[in-house]
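Trainee: Please take a close look at one part of this model with me. I would like one connected account, with every cut-off spelled out as you go.

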Amino acid sequence: MRETGDVDLSLGDDLRAFVDASPSPGHAAAEIARRLTAGGFRELAETDLWELSPGAAVFTVRGASVVAVRVGTEPTAEAGLRIIGAHTDSPTFKVRPRWDVRQAGYRLVGVEPYGGGLWHTWLDRDLTVAGRLALRGGTTTLVTLPGAPLRLPSLAIHLDRSVREGLTLDPQRHLQPVWGADLGTEPGLLEALSTAAGVSAGDVVGHDLVLADTQPAARAGADGSWIAAPRLDDLACCHSGLLALLGVSAETRHTQVLVCNDHEEVGSGSASGARGSFLEDVIGRLAGPEPQAFARTIAASKLVSADMAHAVHPTRSERHEPSHQPVLGGGPVLKLNANQAYATDAVSGGWFTERCEAAGVPVQHFVTRADLPCGSTIGPLTATRLGLSTVDVGAPQLAMHSVRELASAEDVPLMVQTFRSCLGTTG
Ligand code: CO
């Protein structure tokens, strides 16, 4: 039990700022890059020749994924890597190439669901469009439409009484946001985005655009120690991992790595996703050309797959396994699954538990009920691809995949301390 009046909310407030700065995966990657740069990390392109000496702090970006590295004092084949992994994407809707839909006197923006969202939570919210524009000549720019121009209005109960038996939403017909009356003369979405980005509409040749809720992240709960925000899964773990890496004061023997992947919510199968080669390519550069260096590096390394965990629900606690009910503010959650939906095993879980002990942080445990299927994370995918010893962990939260999720600011410093301990900089 925590003692009241003893709660430091400052890191939780910083998480809220991080989420607000990250309406799309591209924005999240840019915010991570901005904070890394401010913290003394140097950006390298994947096309550069990397020559890294001990103590070098660098990062590289592929799509909306980021890998950051602080090189250790010994070769990676000798001392290995300590890796924190999280994901930059969240369930949302992606704008279609031919987005301009006109019906019933309205203009709509054609979108396609991305990931497994609780889509009903998106109704009647103040929405915008955010993401990346590809420009003629091969450059990109990030953009967000100002204000909250889009909505997904509910249907009045008077027009559909059957909603009392349960709401059914067909994404093709019912989940297309409206953004105005069809007058026939309005500027299009790309014109509005181009104006917001300060570029010429004629130079926009492609886009990765998603819907985003515009309500800023807020303090919540009786004492303000909770955080109500979009995209906590998994921006909260990106944020804690980033603060842990940036907060390091001493060099370590091993090399410290933070990887934040895009596309986790759709199975990670992409060039920048966890089933792609991004992390492997960076590890290859860190290990160097000696024939056995890569395999020795992997064998000496640990991956902490950090993705949000389910806190027990206040009115639906029967959905949790009775002996495994993580609580908000109770600290990091170690996730296990007999069928390997999580990558944790005795050794990796034990190692993580020791790191928590060293940091003075309590550990909670999560398993799904035996009669419920289990979600997954980047952990088993990365472990399968690379053979890394991996532990699946997360911070507790409620309402995962809602447009407005709920976590505790008390868990933010606990996660940061834990990840620092995992990176080997404390304890
Ligand atoms: Co997640």
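Mentor: Helix 2 covers residues 25-38, and its 14 residues reach 20 Å from the first C-alpha to the last, close to the 20 Å expected at 1.5 Å a residue. Helices here are DSSP runs of H or I with at least four residues, strands are runs of E with at least two, and both are numbered from the N terminus. The expected span is 1.5 Å times one less than the number of residues. Keep in mind that this is a predicted model, in which local features need pLDDT of at least 70 and side-chain atom pairs count only at pLDDT 80 or more, while totals for chains, interfaces and linings use all residues. Residues are numbered from 1 along each chain as its sequence is written, and side-chain values use heavy atoms, with hydrogens and water left out.

Helix 2 is mostly covered, with 10 of its 14 residues buried. Buried means under 20% relative accessible area, exposed means over 50%, and partly exposed lies in between, using a 1.4 Å probe and protein chains only. After helix 2 comes Gly 40, with a positive phi near 95°.

The 15 residues of helix 6 should span 21 Å at 1.5 Å a residue, and its end C-alpha atoms are 20 Å apart, which agrees. Of those 15 residues, 14 are buried, so helix 6 is largely enclosed by the rest of the structure. Asp 234 is found in helix 6, and a cis peptide bond with omega of about 10° joins Asp 233 to Asp 234. Most peptide bonds are trans.

Asp 233 lies in helix 6 (residues 232-246) and Asp 307 in the loop between strand 14 and strand 15 (309-310), so the pair ties together parts that are 74 residues apart in sequence. Asp 233 and Asp 307 are both buried.

Ser 90 sits in the loop between strand 4 and strand 5 (92-103) and is buried, with a relative accessible area of 9%. Its side chain reaches the backbone oxygen of Asp 233 at 2.9 Å. A polar contact is a pair of N or O atoms within 3.5 Å; within protein, one must be able to donate a hydrogen and the other to accept it, and residues adjacent in sequence count only if both atoms are side-chain atoms. Leaving aside residues up to four places away in sequence, Ser 90 touches Tyr 114, Arg 231, Asp 233, Asp 234 and Glu 265, where contact means heavy atoms within 4.5 Å.

Ser 348, Gly 349, Trp 351, Phe 352, Arg 355 and Cys 356 are the buried residues of helix 9. They cover an arc of only 160° around the axis, which puts them on the same side of helix 9; the arc is that of the directions from the helix axis to the C-beta atoms. The face turned away from that buried side carries the exposed Ala 346, Val 347 and Glu 357. Strand 4 (81-87), strand 14 (302-306) and helix 11 (411-422) are among the elements covering the buried residues of helix 9. At the N-terminal end, Asp 345 caps helix 9, with a side-chain oxygen 3.1 Å from the backbone nitrogen of Val 347. Helix 9 is followed by Gly 360, with a positive phi near 70°.
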